[in-house]
Amino acid sequence: MPGSVIKVKRQEKIGWLERLYVPMIIKGLFVTGGHFFRNLRGFVTGKNRTDFVVQYPEERVDYPSAFRGMPVLVALDDGLPKCVACGLCEFACPTDCISIVPGELEGARIERYPEAFDIDMSRCMYCGLCEEACPEEAIVMSREVEISTYDRQSMIFEKENLLVHENLLKRRIDFIRGDYERDREPPKSDV
Ligand code: SF4
Ligand code: SF4
């Protein structure tokens, strides 16, 4: 089910009817009642179900490309992270929830890589600044939002849990290229 954006026209000046207060409360009750009875009719007859809220988790919204879920690391075909451990995302993160330990890979196409890359998801606020700061398109905002654990320690996602193949992130990567006015893939860090 696709999500939709409804633009609400906000009234800047308040008229005498609004100042009386009670008529607007009655108007609001009519609007709420109208939705309630339309949904009730849809529920009973099974028709006009477009007015329903999403019956989560049986039904899911197809989030738009601009949606920011949990940040993940882009994995290349060989399973290695695209990340070159430059630390820019760590520096840009306003909640200090990223921690990186850089390492070197002898003879690999990308010499520098993150030996460890952790994100404390209990502190992440899904702002996307890490994604914006990354020069390699190596960390992107996924569509994953179903993150819940019984303890805080389990909210620390390590590199192995963060890696997602780039094919699965194509929609978001295409979106950020347009959004950040990047018209091509960033240069490869060949050795
Ligand atoms: S989305 Fe924001 S808070 Fe979360 S890791 Fe990225 S920069 Fe930090
Ligand atoms: S900014 Fe990108 S390349 Fe640099 S450490 Fe973060 S994810 Fe890796």
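1. Start with helix α5, which spans residues 159–162 and contains E160. This is a predicted model. Is E160 buried or exposed? E160 counts as exposed, because it has 9 C-beta neighbours inside 10 Å and the cut-off for exposed is 12 or fewer.

2. Three strands make it up, in the order β4-β1-β6. The sheet is open and its pairing is mixed. The edges are β4 (139–141) and β6 (163–165). Each has a single partner strand, so one side of each lacks a neighbour in the sheet. From one strand to the next, the twist averages 50°.

3. Look at β1, residues 71–75. Strand β1 pairs with β4 in the antiparallel sense, over three bridges. Within β4, M141 is the residue opposite P71.

4. Ligand 1 has 15 residues around it. Which come nearest? They are C93, C124, C127, L129 and C130. The shell around ligand 1 holds 13 nonpolar residues and two polar ones. No charged residue is found in that shell.

5. Ligand 2 has 13 residues around it. The nearest are C83, C86, C89, C134 and I139. By class, the shell around ligand 2 contains eleven nonpolar residues, one polar and one charged.

Conventions:
Residues are numbered from 1 along each chain as its sequence is written. Chains are lettered from A and ligands numbered from 1 in the order in which they are written. This is a predicted model: local features need pLDDT of at least 70, side-chain atom pairs count only at pLDDT 80 or more; totals for chains, interfaces and linings use all residues. A residue is near a molecule or strand if its C-beta atom, placed from the backbone, lies within 6 Å of it. Ala, Val, Leu, Ile, Met, Phe, Trp, Tyr, Cys and Pro count as nonpolar, Asp, Glu, Lys and Arg as charged, and the others, Gly among them, as polar. Two strands pair if DSSP finds at least two bridges between them. Helices (H or I, at least four residues) and strands (E, at least two) are DSSP runs, numbered from the N terminus. Axes are lines fitted to C-alpha atoms, for helices over the stretch in contact, and angles run from 0 to 180 degrees between N-to-C directions. A residue is buried if 20 or more other C-beta atoms lie within 10 Å of its own, exposed if 12 or fewer, and partly exposed in between; C-beta atoms are placed from the backbone.
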